[in-house]
Amino acid sequence: MFFHVILTTDCNLQCRYCFGESMDDFDEDFGDFELDYNLPRKAGYNVVYLEKFCKKDPDCVLTFYGGEPLLNAEYLRQVLDNVEAKHFMIQTNGQLLDRLEPEYVNRFHTILVSIDGQEALTDYYRGKGVFRKVIDNVKLITKNGFQGELIARVTVMEQTDINEQVKWLLDNGEFSFSSIHWQLNAGFWGNDYARRDFKCWSQESYMPGVEKLAHFWVDQMAEKGVVLRLYPFLGIANSLLLDKEPSLMRCGGGWINYAIQTDGYIIPCPTMWGMKKYYLGHIAETDPLQLKKVFVSDAPCNKCNVLGVCGGRCLYANITKRWSEEAYNGVCQTVRSLVNNVIEELPRIKHLIGDGKVSLRDFNFLKYNGCEIIP
Ligand code: SF4
Ligand code: SF4
(Lines give C-alpha, C1' and ligand atoms only; values in the text may rest on other atoms or scores of the structure.)
(Ligands and ions follow the chains in the order given, each with its own letter.)
Protein backbone atom coordinates (compact mmCIF):
# COMPACT_ATOMS: atom_id res chain seq x y z
CA MET A 1 0.00 0.00 0.00
CA PHE A 2 0.99 3.62 -0.55
CA PHE A 3 0.35 6.39 1.94
CA HIS A 4 0.77 10.11 1.56
CA VAL A 5 1.91 11.40 4.92
CA ILE A 6 0.68 14.99 5.19
CA LEU A 7 3.40 16.64 7.26
CA THR A 8 1.82 20.08 7.30
CA THR A 9 -1.03 21.99 5.69
CA ASP A 10 1.16 25.13 5.47
CA CYS A 11 2.90 26.18 2.30
CA ASN A 12 5.69 28.67 1.65
CA LEU A 13 4.46 29.58 -1.85
CA GLN A 14 1.27 31.16 -3.17
CA CYS A 15 0.84 29.52 -6.57
CA ARG A 16 -1.94 30.75 -8.83
CA TYR A 17 -3.66 27.40 -9.22
CA CYS A 18 -3.56 26.53 -5.54
CA PHE A 19 -3.34 29.49 -3.15
CA GLY A 20 -4.90 31.90 -5.70
CA GLU A 21 -7.76 29.55 -6.47
CA SER A 22 -8.39 28.71 -2.84
CA MET A 23 -8.82 32.42 -2.09
CA ASP A 24 -11.40 32.79 -4.87
CA ASP A 25 -13.03 29.55 -3.79
CA PHE A 26 -13.44 30.55 -0.18
CA ASP A 27 -17.11 31.49 -0.26
CA GLU A 28 -18.14 28.62 -2.48
CA ASP A 29 -20.70 26.13 -1.33
CA PHE A 30 -18.99 22.79 -0.77
CA GLY A 31 -22.11 20.71 -1.15
CA ASP A 32 -23.13 18.48 1.74
CA PHE A 33 -19.54 17.69 2.76
CA GLU A 34 -18.93 18.40 6.39
CA LEU A 35 -15.41 19.78 6.70
CA ASP A 36 -13.09 19.69 9.68
CA TYR A 37 -11.50 23.14 9.74
CA ASN A 38 -9.57 22.44 12.94
CA LEU A 39 -6.91 20.05 11.72
CA PRO A 40 -3.49 20.61 13.27
CA ARG A 41 -1.26 22.57 10.90
CA LYS A 42 1.57 20.11 11.49
CA ALA A 43 1.66 16.35 11.95
CA GLY A 44 1.79 15.93 15.67
CA TYR A 45 0.80 12.32 16.38
CA ASN A 46 3.36 10.04 17.96
CA VAL A 47 5.61 8.61 15.26
CA VAL A 48 5.32 5.23 16.99
CA TYR A 49 1.77 4.96 15.64
CA LEU A 50 3.08 5.38 12.12
CA GLU A 51 5.84 2.90 12.75
CA LYS A 52 3.37 0.25 13.97
CA PHE A 53 0.88 1.03 11.22
CA CYS A 54 3.48 0.71 8.47
CA LYS A 55 4.89 -2.49 9.94
CA LYS A 56 1.61 -4.28 9.31
CA ASP A 57 2.13 -3.93 5.56
CA PRO A 58 5.35 -5.44 4.14
CA ASP A 59 4.96 -3.24 1.05
CA CYS A 60 4.29 0.00 2.87
CA VAL A 61 5.45 3.01 0.82
CA LEU A 62 5.33 6.46 2.42
CA THR A 63 5.21 9.67 0.40
CA PHE A 64 5.72 12.91 2.29
CA TYR A 65 3.22 15.51 1.24
CA GLY A 66 1.81 18.87 2.31
CA GLY A 67 1.17 21.84 2.04
CA GLU A 68 4.93 21.87 1.66
CA PRO A 69 6.27 18.83 3.55
CA LEU A 70 9.72 20.30 4.09
CA LEU A 71 8.19 22.98 6.32
CA ASN A 72 7.97 20.15 8.84
CA ALA A 73 11.41 18.65 8.21
CA GLU A 74 11.82 17.87 11.89
CA TYR A 75 8.95 15.36 11.79
CA LEU A 76 10.15 14.04 8.44
CA ARG A 77 13.54 13.23 9.98
CA GLN A 78 11.79 11.48 12.86
CA VAL A 79 9.86 9.30 10.43
CA LEU A 80 12.97 8.44 8.43
CA ASP A 81 14.82 7.62 11.64
CA ASN A 82 12.10 5.46 13.18
CA VAL A 83 9.80 3.96 10.55
CA GLU A 84 10.63 1.03 8.31
CA ALA A 85 9.05 1.35 4.91
CA LYS A 86 9.70 -0.33 1.59
CA HIS A 87 10.31 3.09 0.02
CA PHE A 88 10.13 6.74 1.00
CA MET A 89 9.15 9.39 -1.51
CA ILE A 90 8.34 13.09 -1.35
CA GLN A 91 6.31 15.62 -3.34
CA THR A 92 7.84 19.03 -2.80
CA ASN A 93 7.94 22.48 -4.34
CA GLY A 94 11.71 22.16 -4.10
CA GLN A 95 12.38 25.45 -2.33
CA LEU A 96 13.79 23.91 0.85
CA LEU A 97 15.53 20.82 -0.49
CA ASP A 98 18.90 22.40 0.29
CA ARG A 99 18.03 22.45 3.99
CA LEU A 100 17.56 18.70 4.30
CA GLU A 101 20.79 16.85 4.95
CA PRO A 102 22.01 14.57 2.11
CA GLU A 103 21.79 11.50 4.36
CA TYR A 104 18.02 12.03 4.40
CA VAL A 105 17.57 13.25 0.81
CA ASN A 106 19.52 10.29 -0.49
CA ARG A 107 17.12 7.86 1.13
CA PHE A 108 14.24 8.91 -1.12
CA HIS A 109 13.35 6.42 -3.80
CA THR A 110 11.59 9.21 -5.73
CA ILE A 111 11.38 12.96 -5.46
CA LEU A 112 8.58 14.72 -7.31
CA VAL A 113 9.51 18.36 -7.62
CA SER A 114 7.10 20.99 -8.89
CA ILE A 115 8.28 22.94 -11.91
CA ASP A 116 6.05 24.05 -14.77
CA GLY A 117 8.61 24.50 -17.55
CA GLN A 118 10.76 27.49 -18.46
CA GLU A 119 11.62 30.21 -15.96
CA ALA A 120 9.06 32.79 -17.12
CA LEU A 121 6.19 30.29 -17.04
CA THR A 122 7.14 28.65 -13.73
CA ASP A 123 7.57 32.03 -12.06
CA TYR A 124 4.31 33.30 -13.56
CA TYR A 125 2.38 30.40 -11.96
CA ARG A 126 4.41 29.93 -8.81
CA GLY A 127 6.10 33.23 -7.94
CA LYS A 128 9.24 35.15 -8.77
CA GLY A 129 12.48 33.30 -8.12
CA VAL A 130 10.82 29.90 -7.68
CA PHE A 131 12.27 28.43 -10.88
CA ARG A 132 15.84 29.45 -10.00
CA LYS A 133 15.61 27.93 -6.53
CA VAL A 134 14.22 24.63 -7.87
CA ILE A 135 17.02 24.40 -10.43
CA ASP A 136 19.72 25.26 -7.89
CA ASN A 137 18.35 22.68 -5.48
CA VAL A 138 17.97 19.81 -7.94
CA LYS A 139 21.55 20.44 -9.08
CA LEU A 140 22.66 20.44 -5.44
CA ILE A 141 20.94 17.19 -4.45
CA THR A 142 22.27 15.49 -7.58
CA LYS A 143 25.79 16.68 -6.71
CA ASN A 144 25.28 15.43 -3.15
CA GLY A 145 24.60 11.91 -4.36
CA PHE A 146 20.83 11.59 -4.85
CA GLN A 147 20.39 8.62 -7.18
CA GLY A 148 16.66 8.00 -7.04
CA GLU A 149 14.13 9.10 -9.62
CA LEU A 150 13.62 12.84 -9.91
CA ILE A 151 10.29 13.64 -11.52
CA ALA A 152 9.37 17.10 -12.79
CA ARG A 153 5.79 17.57 -11.62
CA VAL A 154 4.16 20.03 -13.98
CA THR A 155 0.85 21.76 -13.41
CA VAL A 156 -0.79 22.80 -16.63
CA MET A 157 -3.32 25.49 -17.46
CA GLU A 158 -4.06 28.08 -20.09
CA GLN A 159 -0.66 29.79 -20.25
CA THR A 160 1.09 26.47 -20.97
CA ASP A 161 2.14 25.24 -24.40
CA ILE A 162 2.47 21.60 -23.35
CA ASN A 163 4.53 20.47 -26.32
CA GLU A 164 7.04 23.30 -25.93
CA GLN A 165 7.36 23.11 -22.14
CA VAL A 166 7.74 19.35 -21.82
CA LYS A 167 10.36 19.29 -24.58
CA TRP A 168 12.17 22.12 -22.81
CA LEU A 169 12.18 20.24 -19.50
CA LEU A 170 13.64 17.21 -21.25
CA ASP A 171 16.49 19.08 -22.86
CA ASN A 172 17.78 22.46 -21.76
CA GLY A 173 20.91 24.23 -20.56
CA GLU A 174 19.74 24.50 -16.93
CA PHE A 175 18.83 20.98 -15.76
CA SER A 176 17.33 18.36 -18.05
CA PHE A 177 14.77 16.08 -16.41
CA SER A 178 14.48 12.47 -17.52
CA SER A 179 11.06 11.92 -15.87
CA ILE A 180 8.10 14.24 -16.30
CA HIS A 181 4.49 14.10 -15.23
CA TRP A 182 1.90 16.78 -15.85
CA GLN A 183 -1.56 17.39 -14.49
CA LEU A 184 -4.29 19.75 -15.65
CA ASN A 185 -5.65 22.22 -13.17
CA ALA A 186 -9.19 21.30 -14.11
CA GLY A 187 -12.21 20.32 -12.07
CA PHE A 188 -10.66 21.00 -8.67
CA TRP A 189 -12.16 24.40 -7.79
CA GLY A 190 -15.70 25.63 -7.58
CA ASN A 191 -15.90 28.82 -9.54
CA ASP A 192 -12.90 29.06 -11.83
CA TYR A 193 -14.36 27.66 -15.04
CA ALA A 194 -16.50 30.73 -15.84
CA ARG A 195 -13.59 33.14 -15.67
CA ARG A 196 -11.16 30.87 -17.48
CA ASP A 197 -10.72 29.93 -21.11
CA PHE A 198 -10.26 26.19 -20.56
CA LYS A 199 -12.45 25.01 -23.42
CA CYS A 200 -10.84 27.04 -26.15
CA TRP A 201 -7.29 26.46 -24.87
CA SER A 202 -7.75 22.71 -24.43
CA GLN A 203 -9.03 22.36 -27.98
CA GLU A 204 -6.67 24.74 -29.74
CA SER A 205 -3.47 24.34 -27.77
CA TYR A 206 -3.43 21.48 -25.26
CA MET A 207 -4.85 18.55 -27.22
CA PRO A 208 -2.92 19.30 -30.44
CA GLY A 209 0.21 19.81 -28.29
CA VAL A 210 -0.19 16.43 -26.57
CA GLU A 211 -0.66 14.76 -29.94
CA LYS A 212 2.60 16.25 -31.21
CA LEU A 213 4.31 15.20 -28.01
CA ALA A 214 3.08 11.60 -28.34
CA HIS A 215 4.53 11.50 -31.82
CA PHE A 216 7.81 12.95 -30.57
CA TRP A 217 7.87 10.36 -27.76
CA VAL A 218 7.79 7.50 -30.25
CA ASP A 219 10.20 9.30 -32.61
CA GLN A 220 12.70 9.31 -29.73
CA MET A 221 12.25 5.55 -29.33
CA ALA A 222 13.00 5.10 -33.03
CA GLU A 223 15.92 7.52 -33.19
CA LYS A 224 17.61 6.98 -29.83
CA GLY A 225 16.26 3.67 -28.55
CA VAL A 226 14.89 5.35 -25.38
CA VAL A 227 11.44 5.27 -23.83
CA LEU A 228 11.28 8.71 -22.25
CA ARG A 229 9.55 8.69 -18.89
CA LEU A 230 6.69 10.95 -19.85
CA TYR A 231 4.26 9.48 -17.35
CA PRO A 232 0.90 10.09 -19.03
CA PHE A 233 2.12 8.24 -22.14
CA LEU A 234 4.14 5.70 -20.22
CA GLY A 235 1.26 4.72 -17.93
CA ILE A 236 -1.27 4.31 -20.72
CA ALA A 237 1.15 2.46 -23.00
CA ASN A 238 2.13 0.20 -20.09
CA SER A 239 -1.52 -0.81 -19.70
CA LEU A 240 -2.14 -1.30 -23.39
CA LEU A 241 1.01 -3.38 -23.85
CA LEU A 242 1.30 -5.30 -20.60
CA ASP A 243 -1.86 -5.18 -18.52
CA LYS A 244 -4.94 -6.89 -19.69
CA GLU A 245 -7.07 -5.78 -16.76
CA PRO A 246 -9.11 -2.57 -16.80
CA SER A 247 -7.45 0.14 -14.75
CA LEU A 248 -8.81 1.37 -11.46
CA MET A 249 -8.17 4.97 -10.41
CA ARG A 250 -4.65 5.39 -11.72
CA CYS A 251 -3.31 7.56 -8.94
CA GLY A 252 -4.39 4.75 -6.63
CA GLY A 253 -6.60 7.18 -4.69
CA GLY A 254 -9.19 5.34 -2.58
CA TRP A 255 -7.95 1.80 -3.17
CA ILE A 256 -4.15 1.47 -2.94
CA ASN A 257 -2.87 4.99 -2.31
CA TYR A 258 -4.35 6.71 0.74
CA ALA A 259 -3.36 9.74 2.79
CA ILE A 260 -2.72 10.26 6.48
CA GLN A 261 -3.87 13.63 7.82
CA THR A 262 -1.88 15.69 10.33
CA ASP A 263 -4.11 14.24 13.09
CA GLY A 264 -3.52 10.62 12.02
CA TYR A 265 -6.89 10.02 10.35
CA ILE A 266 -6.78 8.19 7.03
CA ILE A 267 -8.50 9.57 3.92
CA PRO A 268 -8.70 8.27 0.33
CA CYS A 269 -6.50 11.01 -1.15
CA PRO A 270 -4.54 14.01 0.18
CA THR A 271 -6.89 16.57 -1.39
CA MET A 272 -9.74 15.17 0.72
CA TRP A 273 -8.31 16.30 4.04
CA GLY A 274 -10.97 17.39 6.47
CA MET A 275 -13.83 15.69 4.56
CA LYS A 276 -15.26 13.83 7.58
CA LYS A 277 -17.51 11.60 5.55
CA TYR A 278 -14.43 9.98 4.03
CA TYR A 279 -12.44 9.32 7.21
CA LEU A 280 -11.52 5.65 6.89
CA GLY A 281 -9.89 5.05 10.26
CA HIS A 282 -6.96 6.26 12.34
CA ILE A 283 -3.39 4.98 12.12
CA ALA A 284 -3.44 4.12 15.83
CA GLU A 285 -6.10 1.49 15.35
CA THR A 286 -6.52 0.61 11.69
CA ASP A 287 -4.96 -2.23 9.72
CA PRO A 288 -3.52 -0.76 6.50
CA LEU A 289 -4.42 -3.94 4.64
CA GLN A 290 -8.08 -3.80 5.69
CA LEU A 291 -8.89 -0.26 4.64
CA LYS A 292 -12.22 0.35 3.02
CA LYS A 293 -11.97 0.99 -0.72
CA VAL A 294 -13.71 3.92 -2.36
CA PHE A 295 -14.37 3.80 -6.09
CA VAL A 296 -15.98 6.08 -8.63
CA SER A 297 -19.38 4.62 -9.18
CA ASP A 298 -21.56 7.21 -10.85
CA ALA A 299 -21.80 9.50 -13.88
CA PRO A 300 -20.00 10.40 -15.98
CA CYS A 301 -17.47 7.56 -15.54
CA ASN A 302 -19.93 4.68 -15.16
CA LYS A 303 -21.11 5.24 -18.73
CA CYS A 304 -17.76 6.00 -20.26
CA ASN A 305 -16.21 3.76 -22.89
CA VAL A 306 -12.64 4.64 -21.88
CA LEU A 307 -13.11 3.99 -18.16
CA GLY A 308 -10.94 0.86 -18.36
CA VAL A 309 -7.99 2.95 -19.56
CA CYS A 310 -8.71 6.22 -17.78
CA GLY A 311 -9.69 4.70 -14.46
CA GLY A 312 -11.88 7.72 -13.65
CA ARG A 313 -9.11 10.37 -13.65
CA CYS A 314 -9.61 11.79 -10.16
CA LEU A 315 -11.62 10.49 -7.23
CA TYR A 316 -11.76 13.92 -5.60
CA ALA A 317 -13.09 15.63 -8.74
CA ASN A 318 -15.61 12.83 -9.22
CA ILE A 319 -16.91 13.03 -5.68
CA THR A 320 -16.98 16.79 -5.26
CA LYS A 321 -18.10 17.64 -8.82
CA ARG A 322 -16.82 21.18 -8.59
CA TRP A 323 -17.26 21.70 -12.36
CA SER A 324 -20.60 21.32 -14.11
CA GLU A 325 -21.20 18.26 -16.25
CA GLU A 326 -20.71 20.27 -19.42
CA ALA A 327 -17.48 21.85 -18.21
CA TYR A 328 -16.09 18.51 -16.98
CA ASN A 329 -16.95 16.97 -20.30
CA GLY A 330 -14.24 19.21 -21.75
CA VAL A 331 -11.71 17.60 -19.38
CA CYS A 332 -12.85 14.13 -20.44
CA GLN A 333 -12.35 15.13 -24.06
CA THR A 334 -8.68 15.74 -23.27
CA VAL A 335 -8.50 12.28 -21.68
CA ARG A 336 -10.08 10.60 -24.71
CA SER A 337 -7.77 12.48 -27.00
CA LEU A 338 -4.69 11.45 -24.96
CA VAL A 339 -5.77 7.81 -24.92
CA ASN A 340 -6.33 7.94 -28.69
CA ASN A 341 -2.93 9.52 -29.24
CA VAL A 342 -1.27 6.55 -27.50
CA ILE A 343 -3.50 4.01 -29.27
CA GLU A 344 -2.59 5.55 -32.63
CA GLU A 345 1.12 5.26 -31.83
CA LEU A 346 0.79 1.67 -30.63
CA PRO A 347 1.53 -0.08 -33.96
CA ARG A 348 4.76 1.92 -34.27
CA ILE A 349 5.68 1.10 -30.66
CA LYS A 350 5.04 -2.63 -31.19
CA HIS A 351 7.18 -2.51 -34.31
CA LEU A 352 10.05 -0.92 -32.38
CA ILE A 353 9.73 -3.57 -29.67
CA GLY A 354 9.69 -6.31 -32.32
CA ASP A 355 12.83 -4.85 -33.91
CA GLY A 356 14.56 -4.77 -30.52
CA LYS A 357 14.91 -0.99 -30.66
CA VAL A 358 13.19 -0.70 -27.29
CA SER A 359 12.03 -3.38 -24.89
CA LEU A 360 8.75 -4.07 -23.11
CA ARG A 361 10.69 -3.67 -19.87
CA ASP A 362 11.28 0.00 -20.73
CA PHE A 363 7.57 0.61 -20.15
CA ASN A 364 7.69 -0.52 -16.53
CA PHE A 365 7.57 1.90 -13.64
CA LEU A 366 6.69 1.98 -9.96
CA LYS A 367 2.93 2.45 -10.05
CA TYR A 368 1.25 4.90 -7.64
CA ASN A 369 4.49 6.86 -7.25
CA GLY A 370 2.56 10.13 -7.15
CA CYS A 371 2.05 10.39 -10.91
CA GLU A 372 -1.68 10.35 -11.55
CA ILE A 373 -1.04 9.21 -15.17
CA ILE A 374 -4.28 10.75 -16.41
CA PRO A 375 -3.72 14.50 -16.35
S1 SF4 B 1 -12.78 10.11 -19.52
FE2 SF4 B 1 -14.01 11.20 -17.99
S3 SF4 B 1 -15.93 10.06 -17.87
FE4 SF4 B 1 -14.41 8.75 -18.85
S5 SF4 B 1 -13.57 7.52 -17.20
FE6 SF4 B 1 -12.24 9.29 -17.49
S7 SF4 B 1 -12.95 10.83 -16.04
FE8 SF4 B 1 -14.58 9.28 -16.27
S1 SF4 C 1 -5.92 12.42 -9.07
FE2 SF4 C 1 -7.53 13.11 -7.67
S3 SF4 C 1 -7.93 11.31 -6.38
FE4 SF4 C 1 -5.98 11.00 -7.33
S5 SF4 C 1 -4.45 11.78 -5.87
FE6 SF4 C 1 -4.92 13.45 -7.33
S7 SF4 C 1 -6.55 14.62 -6.36
FE8 SF4 C 1 -6.47 12.61 -5.32
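This is a walk through a predicted model, stop by stop, with what to select and what is there.

Before you click: residues are numbered from 1 along each chain as its sequence is written, and chains are lettered from A and ligands numbered from 1 in the order in which they are written. In this predicted model, local features need pLDDT of at least 70 and side-chain atom pairs count only at pLDDT 80 or more, while totals for chains, interfaces and linings use all residues; side-chain values use heavy atoms, with hydrogens and water left out.

**Stop 1**

Arg-313 has a positive phi of about 60 degrees although it is not a glycine. Arg-313 sits in the loop between H10 and helix H11 (315-320). Helices here are DSSP runs (H or I, at least four residues), as are strands (E, at least two), numbered from the N terminus. Arg-313 counts as buried because its relative accessibility is 3%; the cut-offs are under 20% relative accessible area for buried, over 50% for exposed, and partly exposed in between (1.4 Å probe, protein chains only).

**Stop 2**

Jump to Phe-2, in strand E1 (residues 2-6). Its relative accessible area is 7%, so Phe-2 is buried. Now show its contacts (heavy atoms within 4.5 Å). Setting aside residues up to four places away in sequence, Phe-2 touches Val-61, Met-89, Ile-256, Asn-257, Tyr-258, Leu-366, Lys-367 and Tyr-368.

Tyr-368 is in the segment after H12, and has a positive phi of about 70 degrees although it is not a glycine. With 16% relative accessibility, Tyr-368 counts as buried.

**Stop 3**

Next, select Pro-288, in the loop between strand E9 (266-267) and helix H10 (307-310). Is Pro-288 buried or exposed? It counts as buried, because its relative accessibility is 1%. Not counting residues up to four places away in sequence, Pro-288 touches Met-1, Phe-3, Phe-53, Lys-56 and Asp-57.

Pro-300 lies in the loop between E9 and H10 as well. Look at the peptide bond from Ala-299 to Pro-300: it is cis, with omega near 0 degrees. For another cis peptide bond, go to Gly-66 and Gly-67, where omega is about 20 degrees. Gly-67 is in the loop between strand E2 (61-65) and helix H3 (73-82).

**Stop 2: H9 against H12**

Colour helix H9 (residues 231-242) and helix H12 (residues 325-354); their axes come within 10 Å and cross at roughly 65 degrees. Axes are lines fitted to C-alpha atoms, for helices over the stretch in contact, and angles run from 0 to 180 degrees between N-to-C directions. From H9, the contact uses Pro-232, Phe-233, Ile-236, Ala-237, Leu-240 and Leu-241, and from H12 it includes Leu-338, Val-342, Leu-346 and Lys-350. That contact has 13 nonpolar, no polar and one charged residues.

**Stop 3: H6 and its surroundings**

Now select helix H6 (residues 130-143). Its 14 residues reach 20 Å from first C-alpha to last, close to the 20 Å expected at 1.5 Å a residue; the expected span is 1.5 Å times one less than the number of residues. Its buried residues are Val-130, Phe-131, Val-134, Ile-135, Asn-137, Val-138 and Ile-141. They pack against helix H4 (102-105), strand E4 (110-114), helix H5 (119-126), strand E5 (149-156) and helix H7 (162-170). Just after H6, Gly-145 takes a positive phi of about 105 degrees.

**Last stop: Gly-209**

Finish at Gly-209 in helix H8 (residues 198-224). Gly-209 is buried, with a relative accessible area of 4%. Beyond neighbours within four places in sequence, Gly-209 is in contact with Ile-162 and Asn-163.

Technical notes. Ala, Val, Leu, Ile, Met, Phe, Trp, Tyr, Cys and Pro count as nonpolar, Asp, Glu, Lys and Arg as charged, and the others, Gly among them, as polar.
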